[in-house]
Structure formats: C-alpha cells, structure tokens
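Subject: The structure I promised you

Hi there,

Here is the structure we talked about, ready for you to open. Have a look around in it, and then read on for what turned up.

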Amino acid sequence: MLCDIQKGPVLWLKKLRLLSFQITIITSEQFGCLKNLKQLILSGNQITTVADFTFKELAKLRFLDLRNNKISQITENSFFGLHVLETLILEQNPLETIEAFAFIHLTLLKHICLGDFQPLPSELESSVNVNLTHIFGVFPQGLMHMNISSMWYTLNIIIGSNSTPKPGISLQLSATTVFFQDCWRPFFQSVVSLTAITERLLCGSHFAARYFTSLQYFGFNSVLSAEFVDMTDLNTLVEMRYLTLMGVELYRQPGLATMFHNLTKLETLNLVTCRILSLEEEMSRDLHSLRQMSVHIPEEFSVMESFTEPLTNLRYLLLYNFRLDCSCDNTWLLAWAERQPHVQVVFYHPGEADVTCKNENGIQNFARYSAANCSLDVGFVLFLCTSLGLLLFMLVVLLHQLAREYLLAFCHIIRCWLEEAVRRPNLRGRYCYDAFVSYSGSDERWVVEQLLPGLEQRGPPFLRLCLHSRDFQLGKDIVDNITDSLYGSRYTVCVVSRNYLRSNWCSLELRLATLRLLVEQRDILILVFLEDIPPLQLSAHHRLARLVKTRTYLDWPQDQAMQPAFWDRLWTKLVPPEPHPGQ
Ligand SMILES: *[C@@H]1O[C@H](CO)[C@@H](O)[C@H](O)[C@H]1NC(C)=O
Ligand SMILES: *[C@@H]1O[C@H](CO)[C@@H](O)[C@H](O)[C@H]1NC(C)=O
C-alpha cells in the first residue's frame with residue numbers, strides 16, 4: 001500500500017519495479033499517488049485480477065509490464081486512463097477473456113504482447129479465437145509491434161474490420177497452429193515483419209505467407225513432424241530481405257526449385273534444422289542480393305557448385321553441424337571455400353575435426369573421400385592415351401598393307417569429286433581419251449588386230465583409245481597409271497574373257513571403274529564379252545555378275561558377217577557428243 005503512508009502525490013517517482021513480490025491483487029488505491037510514474041513493472045507476481053480503473057490516476061504511464069502473472073480476465077475498464085501508454089506486456093498470463101474494446105483507451109499504444117490465450121475451462125476446445133477488432137475497436141495508429149501467443153492451443157486470429165495500423169507493423173505469433181480467418185483485410189499489407197513459431201501458418205487450408213505482401217522479415221519456426229503445407233507461395237513475397245526457415249522439411253516441398261524465386265531483395269537466408277537433399281542452382285536463381293546465408297541441415301545433403309553462381313553478393317556463408325553426402329558433386333566445396341576472396345566461409349563442426357560425409361559405408365572424412373574417389377588419375381589417363389595411340393598406329397599400318405590400292409583409288413576419287421565440285425568443267429576438254437580399254441594381256445592380239453582398227457581407224461571423228469601396253473606412262477606407279485587413265489577417259493571398255501576374270505589387274509580396273517560409275521552416276525562403263533562365260537563361272541565374280549544383270553553389254557560375234565554391225569554400235573556409243581558451237 002504505497003500511497004497509504006504518503007500525505008500527497010509522489011511526483012519524483014518515475015519508475016517502479018516490483019518484481020516477484022507475491023502481489024496478488026492490484027487496485028487503484030495502490031498507485032493513485034504516483035502521478036508522474038512512467039514505468040511500472042509488476043512481472044513475476046501472482047496477480048490474478050486487474051480491477052477496473054486500477055491505473056486511472058497514472059496519466060503519464062508509458063510502460064506497463066504485467067508479464068508472468070496469473071491474469072485470466074481483462075475487463076473493459078482494466079486499463080482505463082492509460083492515455084499515453086506505449087507498451088503493454090501481458091505475456092505469460094493464462095488469458096481467457098478480454099472484454100470488448102478493452103484496449104480502446106490505449107490510443108498511443110506501440111507495443112503489445114498478449115498471451116498465453118487459453119480456452120475457458122468450461123469449453124473443451126483445443127483452439128482459441130482472438131478477434132482483434134473486438135479487443136481494440138480500431139487499431140491504434142502507431143502500433144508497431146504485436147505479439148500474440150496461445151502456446152499449446154490452436155490460435156484463430158480474426159482481424160474483424162478493415163481498420164489497420166500505419167504500415168510497418170511487426171507481428172509475432174506462437175501457437176501450435178495459427179489460422180487467419182480473414183486474410184483479405186488491409187491489416188496484412190501493413191505487416192513488414194512476421195515471426196511465426198508454429199507448426200502451421202494457415203489461411204483456410206493454404207500457407208498464409210502470401211497475404212503479407214509487404215513482408216520484409218519472415219521467420220518461420222516450425223517442427224519437422226508438422227503436417228505438410230505447400231510453401232511455394234514464398235516466391236510472391238518480393239519485398240523480403242530476411243528469411244529464416246526452421247524445422248521445415250524442404251525436400252517434401254513440390255515447388256522447392258521455385259520457392260526462392262523472385263526474392264531479389266533477400267539479404268539474409270537461414271535454413272535451420274531443415275531437411276533438404278541438395279541445394280541446387282534453380283533455387284538460388286534470383287538471390288542476387290543475398291549477403292549472408294547460414295545452413296544447418298542435420299542430415300547429409302549435397303551442395304551443387306551451380307547453387308553459388310547466382311549469389312554474386314554473398315559475403316558470409318556459415319555451414320554448421322552439417323554432414324555432406326559422400327558424392328563427388330560436393331568436391332568443389334572445400335576448394336571453393338578456400339579460394340573465395342569476398343566470401344567468408346565458415347564450416348563449424350564442433351566435436352569433429354574435419355568436414356565429414358556419409359554414405360552406405362558410414363561416416364568418413366570428406367576430404368579423404370574426395371581425394372580417393374573424385375580426382376582424375378593422371379597415370380590412368382596417360383595409359384589410356386598410349387594404348388589408343390598404339391592401336392591407331394597398328395590400324396594405319398594394317399590398312400596400308402591390306403588396302404593400299406583401294407586407298408589410292410579412293411583418294412583419287414575424292415580428288416576428282418572435289419575438282420568436279422569446284423568447277424563443272426566443259427567435259428570434252430577434260431578427257432585425254434575417249435575410252436580406256438581394260439583387257440587381259442592374253443587378249444592383246446584381239447585388241448590390236450580387231451579393236452584398234454575397228455574403232456580408231458573409223459571416223460571422223462577419230463576415237464582415241466587408251467591401252468595399258470601403249471599409253472601408260474613409263475616409270476609411273478601402275479595403280480596411279482590405271483586411275484589416271486581411267487579418269488582421263490570418258491568411257492571404260494572392259495573386254496571380258498576367261499583370262500580377264502583370272503587377272504588381278506583386270507579385276508582392280510573393273511573395281512575402280514565401278515567405283516567411278518557409282519560416284520559419278522553416269523553411264524561410263526561398257527562391257528564387251530569376247531567369249532561365252534557360263535553363268536556359274538560369272539557368279540563367282542559378283543561385281544561383274546551384278547553389272548551384267550543391270551546393264552546392257554555387247555557380245556563379240558564369232559560370225560564375220562555380224563562384226564561390222566558390232567563395231568558400228570560400239571563406235572557410235574563412244575563417239576563424243578557434237579561440240580557446241582563456239583567451243
Ligand atoms: C469481431 O469483432 C467485431 C467487433 O466486435 C465484430 O463486429 C465482428 O463480427 C467479429 N468477428 C467475428 C468473426 O466474430
Ligand atoms: C515468382 O516466380 C514464380 C516462378 O519462378 C512465378 O510463377 C510467379 O509468378 C512469380 N511471382 C511474382 C509475384 O513475381
């Protein structure tokens with residue numbers, strides 16, 4: 001009874017602190033004389049009721065702390081007269097009822113802490129409803145901070161009207177689950193800071209964060225066992241600068257990759273006792289402003305190198321009490337941490353000497369794991385190169401030994417092909433001969449006695465034939481001679497006989513001629529059969545057999561009377577087309 005012993009008002013006392021005094025009841029008589037009191041601290045007592053008009057004389061009181069008492073009921077007039085009160089702390093009281101408009105007198109209120117709300121003992125509810133308009137009437141315009149808790153109960157918060165404090169308010173909530181009933185109210189846009197210590201933060205059935213469109217600071221402190229809520233909406237809070245997620249099973253979030261998108265203003269990100277499998281590039285895409293990041297993930301996880309790439313402003317990275325996946329994906333981390341000039345990277349692992357990793361073989365030293373499994377073995381690479389080199393060398397030698405002629409011919413064909421591609425020439429000028437005659441030496445007599453007079457001496461125009469015995473250049477490689485003559489002639493005439501089939505040179509010539517036929521896709525090959533060759537023998541030479549099937553050919557008639565007609569046909573075929581006028 002402070003005022004009983006005083007004669008008049010006590011003007012000198014500004015601050016009164018009665019901590020843990022076992023006070024049970026407070027009334028207006030107790031404080032009536034303390035006219036200039038600014039701070040009154042009554043925390044840690046046993047106060048059960050705040051009688052009506054208790055503080056009506058304390059017109060200068062700014063700060064009232066009733067924390068940790070037994071107050072369950074607040075009436076309409078409990079705080080009557082506190083016209084300049086800025087801070088009201090009612091935390092840790094078993095609040096059951098707050099009468100309508102109980103705070104309507106507190107027009108200058110800036111900070112208010114209410115809790116812990118409980119259902120009335122008569123109700124078997126596990127949730128409490130808090131209607132803020134019901135308590136406040138209208139929100140004090142200067143309200144900056146509001147703390148509401150219901151500890152072990154579900155908290156249903158009703159804003160109740162479109163009244164709203166000035167923007168910039170910070171809200172702290174703790175309850176098992178927080179439900180907002182009317183998320184469309186302008187109140188939500190005034191909140192810039194939200195701390196929610198609750199398993200779930202819901203509006204209807206979905207995550208409530210997206211209604212706080214001006215949110216800059218968000219701390220969500222959940223528990224890993226909480227029921228799943230999709231939190232992808234976080235990516236709509238584009239004003240966010242500070243984000244702490246605690247006890248969130250991030251790996252269950254279907255939108256994890258896009259959850260941190262759009263957060264271009266985010267400066268601090270803390271992931272504390274969250275579960276995640278891997279920090280991936282896609283997650284950090286928009287986090288250009290991020291300066292600080294701390295990660296505490298109790299189970300083994302991976303960090304992709306690409307995750308850090310968008311983080312151009314990162315200055316401080318703390319990984320503590322963590323264990324990596326034993327995976328070569330993480331090998332970059334240790335070296336990266338060392339060579340960062342602008343980022344201070346701290347690996348904090350009390351109780352363990354080094355960064356560890358875990359896989360099916362248990363826990364290992366990560367540096368040792370990556371040295372053993374992830375570095376490229378130089379010896380092995382050298383061995384591989386040598387083996388491949390040797391193999392290639394052997395292949396070249398083998399190819400040269402086995403297929404030299406074909407290689408040459410092939411080169412020649414390619415050369416001709418290229419030449420032809422470069423300039424589609426005037427065809428007549430390019431050829432030295434009208435026909436290259438491919439024949440066996442044993443048929444030389446027929447060639448000299450029949451073919452030459454039959455073709456070369458008929459005219460005009462007089463045909464020019466190329467015979468190997470007469471026209472091949474001396475001293476030149478024989479294969480070169482064959483290919484040059486073949487390609488230097490407009491046609492190739494193959495004089496086929498049994499001897500021809502037996503000769504290796506003739507077979508090569510035939511092969512080259514068919515290659516040319518294939519490449520140039522032009523009628524350049526003429527077959528002349530000197531004698532009848534039974535189909536059985538012919539079929540052994542499949543190339544020739546195929547040609548015979550697909551092309552017309554000439555048979556040398558033994559009958560003298562038929563021979564002039566034979567030469568006529570052959571000559572007409574070989575004769576060059578009329579040169580165009582002017583050529
Ligand atoms: C909240 O309180 C206000 C003021 O008493 C009232 O008008 C409103 O209907 C209440 N809302 C709910 C959902 O109870
Ligand atoms: C944020 O990013 C996501 C995906 O990247 C996109 O679908 C969404 O529309 C964005 N939201 C805002 C508010 O920019």
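The shell around ligand 2 divides into three polar residues, one charged residue and no nonpolar ones. (Ala, Val, Leu, Ile, Met, Phe, Trp, Tyr, Cys and Pro count as nonpolar, Asp, Glu, Lys and Arg as charged, and the others, Gly among them, as polar.) Surrounding ligand 2 are Asn-235, His-261, Asn-262 and Arg-285; a residue is taken as near a molecule if one of its heavy atoms lies within 4 Å of it. A polar side-chain atom of Asn-262 lies 2.6 Å from an oxygen atom of ligand 2, and one of His-261 lies 2.7 Å from an oxygen atom of ligand 2. Taken alone, ligand 2 exposes 360 Å², and the protein buries 47% of that. Such accessible areas come from the Shrake-Rupley method with a 1.4 Å probe; for residues, only the protein chains shown count as cover.

Before you go further, please keep in mind that this is a predicted model: local features need pLDDT of at least 70, side-chain atom pairs count only at pLDDT 80 or more, and totals for chains, interfaces and linings use all residues. Residues are numbered from 1 along each chain as its sequence is written, chains are lettered from A and ligands numbered from 1 in the order in which they are written, and side-chain values use heavy atoms, with hydrogens and water left out.

Arg-285 has a partner as well: its side chain makes a polar contact with the side chain of Asp-286 (3.1 Å). A polar contact is a pair of N or O atoms within 3.5 Å; within protein, one must be able to donate a hydrogen and the other to accept it, and residues adjacent in sequence count only if both atoms are side-chain atoms. Is Asp-286 buried or exposed? Asp-286 is buried, because its relative accessible area is 11% (buried means under 20%, exposed over 50%, partly exposed in between, with a 1.4 Å probe and protein chains only).

Now for ligand 1. The residues around ligand 1 are Asn-131, Thr-133, His-134 and Ile-158, and a polar side-chain atom of Asn-131 lies 2.3 Å from an oxygen atom of ligand 1. Ligand 1 taken alone exposes 360 Å², of which the protein buries 45%. The shell around ligand 1 has one nonpolar residue, three polar and no charged.

Next, the salt bridges. Side chains of opposite charge can pair when their charged atoms come close. How many salt bridges does the structure hold? There are 23, each a side-chain nitrogen of Lys or Arg within 4 Å of a carboxyl oxygen of Asp or Glu. One of them joins Arg-241 and Glu-267 (3.7 Å, N to O). Arg-241 sits in the loop between strand 18 and strand 19, and Glu-267 in the loop between helix 4 and strand 20, so this pair ties together parts that are 26 residues apart in sequence. (Helices, H or I of at least four residues, and strands, E of at least two, are DSSP runs numbered from the N terminus.) Another salt bridge links Arg-445 with Glu-449, at 3.3 Å. Both lie in helix 10, four residues apart, about one turn of the helix. Arg-445 is exposed at 63%, while Glu-449 is partly exposed at 47%. Salt bridges that share partners also join Glu-249, Arg-252, Arg-275 and Glu-299 into one network.

Enjoy exploring!
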